[in-house]
Amino acid sequence: MSQQWKSVCNVADIPVLGARVVSRAPKIDVAIFRNSEDKIFALLDRCPHRGGPLSQGIVFGERVACPLHNWNIQLDSGCATAPDEGCTQKFSVKVEDGKVYLDLNELQTLATETEAA
């Protein structure tokens with residue numbers, strides 16, 4: 001299956017050690033993260049623990065700390081670090097010429113539940 005990429009923002013639009021949200025209404029949003037080494041990651045903007053907004057968490061290394069209960073989520077996999085358990089959906093991301101792209105098919109088909117669910 002060939003990938004179709006959708007431009008969602010510029011790397012410079014994402015704060016270092018922060019996130020930017022890509023709206024998928026009515027589906028749950030995707031959070032795009034940037035760490036101190038300018039690596040870019042994309043996860044569903046919902047902690048696997050209690051659904052906290054990961055985009056509002058603190059990024060450190062290749063993890064984000066959920067703002068609700070401080071669970072540490074691996075940015076490259078979407079999985080919580082031990083002793084916590086659970087994963088949130090990760091999305092394919094690529095960066096070219098300073099632009100951030102997400103896989104269009106994944107945006108349309110992955111984690112399709114809505115906020116109200």
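Me: Why is Cys79 called partly exposed?
Reply: Buried means under 20% relative accessible area, exposed over 50%, and partly exposed in between (1.4 Å probe, protein chains only). Cys79 has 24% relative accessibility, so Cys79 counts as partly exposed. This is a predicted model, in which local features need pLDDT of at least 70, side-chain atom pairs count only at pLDDT 80 or more, and totals for chains, interfaces and linings use all residues. Residues are numbered from 1 along each chain as its sequence is written, and side-chain values use heavy atoms, with hydrogens and water left out.

Me: What makes Cys79 and Cys87 a disulfide?
Reply: A disulfide is a pair of cysteine sulfur atoms within 2.5 Å. The sulfur atoms of Cys79 and Cys87 are 1.9 Å apart, and the two residues form a disulfide. The link is right-handed, with 95 degrees about the S-S bond.

Me: Why is Cys87 called partly exposed?
Reply: Its relative accessible area is 46%, so Cys87 is partly exposed.

Me: Why does Ile14 count as buried?
Reply: The relative accessibility of Ile14 is 0%, and therefore Ile14 counts as buried.
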